[in-house]
Amino acid sequence: MPNEAGRRSTTGSRLYPRVTSFRSRRGALTPNQQTSWERTWPVIGRDVSNDPIDADAWFGRSAPLVIEIGCGTGTATAAMAKSEPHLNLIGIEVYKPGLAQLVQQIEREEIGNVRLLRGDAVDVLENMVAPESLTGVRVFFPDPWPKARHHKRRLLQAPTFALIASRLKPGGVLHVATDHADYAEHILEVGSAEPLFTGLNDTTGGDSAANRDTAPIGFDRPVTKFEGKGLRAGSAINEFIWGKIER
């Protein structure tokens with residue numbers, strides 16, 4: 001997950017900026033994961049860098065490009081990729097063991113329309129993604145940083161909304177989901193204040209039924225194991241979908 005100000009630290013590892021909105025988690029890969037990683041990562045994965053993404057070359061085809069920020073272990077990523085074969089999907093994550101699980105699934109199920117980037121998503125958007133090149137951006141269950149003193153670490157602040165808007169094509173879609181009530185209020189307030197966005201679903205003041213038929217990406221999400229636990233515990237899921245205004 002990215003740092004809150006939309007800027008990466010110039011000190012320390014680029015994969016783990018000094019001030020971040022993600023919790024830095026490290027873990028060892030299993031032998032099978034390591035073997036799969038060595039075999040498949042060089043083809044479908046890259047670390048954050050200053051090299052612009054040439055998506056058509058990387059995927060070997062031209063297709064609408066969608067980025068998922070914080071793809072975790074990739075359960076939703078893989079499911080959406082299989083249900084949207086007409087899209088090219090890039091998942092961004094810093095947690096290597098999570099990425100390794102997704103790499104294994106991609107390899108095992110021969111999912112051809114997913115590529116992965118490891119690092120700070122704001123760094124990726126700033127330095128690797130061209131303006132107005134994305135058809136969609138998805139941010140599902142970003143860390144809410146519930147303590148007030150940590151709110152500045154939250155990913156979805158005004159600068160990040162502006163950055164995402166700048167990378168979306170006119171008519172492109174931002175889809176956010178959270179199960180944290182306080183963060184949901186913040187997301188709605190800040191996202192609705194972004195002048196390049198207009199609400200597409202009921203939560204953001206749009207017409208979900210009408211817009212889901214014309215939007216360039218699907219509005220539906222697979223329910224992950226993490227989300228299922230929250231639902232069973234009574235957590236409410238808030239969905240926010242905005243479209244970039246077409247000029």
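Predicted model: local features only at pLDDT ≥ 70, side-chain atom pairs only at ≥ 80, totals over all residues.
The backbone nitrogen of Cys71 sits 3.4 Å from a polar atom in the side chain of Glu93. Glu93 belongs to strand E3, which covers residues 88–93. Is Glu93 buried or exposed? With a relative accessibility of 7%, Glu93 counts as buried, because that value is under 20%. Leaving out residues up to four places away in sequence, Glu93 touches Gly70, Cys71, Gly72, Leu99, Leu117, Arg118 and Gly119.

**The annotated positions**

In an unreviewed entry, UniProt places the feature "binding site" at Glu68, Glu93, Asp120 and Asp143. These residues are spread over 76 residues of sequence, yet they cluster in space, with a largest C-alpha distance of 14.4 Å. Which of them belongs to the lining of the largest cavity? That lining includes Glu68.

Glu68 is found in strand E2, residues 65–69. Its side chain makes a polar contact of 2.5 Å with the side chain of Thr77. Thr77 is also among the residues that Glu68 touches, together with Met80, Ile90, Gly91, Ile92, Arg138 and Phe140, not counting residues up to four places away in sequence.

A further "binding site" annotation, again from an unreviewed UniProt entry, covers Lys147, Asp179, Thr224, Lys225, Phe226 and Glu227. Glu227 lies in helix H9, which spans residues 225–232. Beyond residues up to four places away in sequence, Glu227 touches Phe141, Arg221, Pro222 and Ile237.

Another residue to look at is Ser36, in helix H1 (residues 31–44). Setting aside neighbours within four places in sequence, Ser36 is in contact with Trp41, Val103, Gln104 and Glu107.

Here are the residues discussed so far, with their relative accessibility:

| Residue | Relative accessibility | State |
|---|---|---|
| Glu68 | 7% | buried |
| Glu93 | 7% | buried |
| Ser36 | 2% | buried |
| Glu227 | 4% | buried |

**The sheet**

Now let us turn to the strands. How many strands make up the open sheet, and in what order do they come? There are eight, arranged as E1-E4-E3-E2-E5-E6-E8-E7, and their pairing is mixed. Strand E1 (45–47) and strand E7 (197–199) stand at the edges; each has a single partner strand, so one side of each is left without a neighbour in the sheet. On average, neighbouring strands of this sheet are turned by 20° against each other, direction ignored.

In general, strands of a sheet pair through backbone hydrogen bonds, in either a parallel or an antiparallel way. How do E7 and strand E8 (residues 238–244) pair? They run in the antiparallel sense, joined over three bridges. Within this part of the sheet, Thr198 stands opposite Gly243 in E8.

**Helices across the strands**

Helix H4, residues 96–109, lies across E3 and strand E4 (114–118), and runs at about 165° to E4. Helix H7, residues 181–193, lies across strand E6 (168–178), E7 and E8. The direction of H7 is at about 10° to E8.

Note on methods: Residues numbered from 1 in each chain as written. Heavy atoms only, no water. UniProt positions renumbered as here; feature names shortened; annotations may be inferred. 1 Å grid on protein atoms, 1.4 Å probe; cavity = no way out; pocket = protein on both sides within 12 Å on 5 of 7 lines; lining within 4 Å. Helix = DSSP H or I, 4+ residues; strand = E, 2+ residues; numbered from the N terminus. Buried < 20%, exposed > 50% of the residue type's maximum accessible area, 1.4 Å probe, protein only. Contact = heavy atoms within 4.5 Å. Polar contact = N/O pair within 3.5 Å; in protein donor to acceptor, adjacent residues only side chain to side chain. Pairing = 2+ DSSP bridges. Axes fitted to C-alpha atoms, helices over the stretch in contact; angles between N-to-C directions.
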